[in-house]
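Subject: The structure to look at

Hi,

Here is the structure for you to open up. Have a look at it first, then read on for what turned up.

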Amino acid sequence: MLVDPAGSPDERAAVPVVASVSRLGAVYPSAQAAIALIKQTGIVPEWDQYWDRYFTYELREVDGGVTASSDRGAVLEDLGYGAAMYWPGPDAPIHALWTAVTMPALVLRARREILPGFGFILPAAEAERFAAAVPSARVVQIDANHYTITTHDDSIAAIGTFLPTS
């Protein structure tokens, strides 16, 4: 199962991704200050108590305040791999790996841009190209952005349908 990244992203989508990673390792005076900054970015358009809990859970206390518990080095390593495999355009190395996918595959694609004006992690054309290259794949369009796709009811329903019940 793939949640949004399955092909070459829009180049503009790198801007909010890099901004999100830049908060890792930063120290904020309080959890409220850290969460207020995340809210301000607009990455979660319909902010609710779930997101407060999610981002609070990610924080840990350090000298001077709080910081994200996600390891900045590991995330940067993942970004480096992503930059090598998923660069924008038709010749991205990730495309060559698609032919090796022979098992059933579910791709959840966010139909909303990562942030308004910044494009998609998985553009519609890339999702269609993946589905054509991987006959065992099912692509489900979800009315969410890259961040909120994991909590959308349609994602939960698609995963429930995809996974065997026994």
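First, a term you'll need: angles under 35 degrees count as roughly parallel, over 145 as roughly antiparallel, 65 to 115 as roughly perpendicular, and the rest as oblique. Axes are lines fitted to C-alpha atoms, for helices over the stretch in contact, and the angles run from 0 to 180 degrees between N-to-C directions. Helices (H or I, at least four residues) and strands (E, at least two) are DSSP runs numbered from the N terminus.

Keep in mind that this is a predicted model: local features need pLDDT of at least 70, side-chain atom pairs count only at pLDDT 80 or more, and totals for chains, interfaces and linings use all residues. Residues are numbered from 1 along each chain as its sequence is written, and side-chain values use heavy atoms, with hydrogens and water left out.

Now the helix pair. Helix 2 (residues 31-41) packs against helix 3 (residues 49-58) at about 125°, and their axes are 10 Å apart. Helix 2 and helix 3 are therefore oblique to each other. Ile35, Ile38 and Lys39 of helix 2 make the contact with Asp52, Phe55 and Thr56 of helix 3 (contact means heavy atoms within 4.5 Å).

Three strands form an open sheet in the order 1-4-5, with parallel pairing (two strands pair if DSSP finds at least two bridges between them). Its edge strands are strand 1 (2-3) and strand 5, each pairing on one side only. Strand 4 (residues 105-110) pairs with strand 5 (residues 137-142) in the parallel sense, over six bridges. To get from strand 4 to strand 5, the chain passes through helix 6 (residues 124-133), a β-α-β crossover that is right-handed: with the strands pointing away from the viewer, the path from the first strand over the helix to the second runs clockwise. Ala105 has Ala137 of strand 5 as its bridge partner, and Arg109 stands opposite Gln141 in strand 5. Helix 7 (residues 153-162) lies across strand 4 and strand 5, running at about 175° to strand 4.

Last, the hairpin. Strand 2 (residues 59-62) and strand 3 (residues 65-68) pair in the antiparallel sense over four bridges. Two residues lie between them, and Gly64 in the turn has a positive phi of about 95°. Glu61 stands opposite Val66 in strand 3.

Cheers
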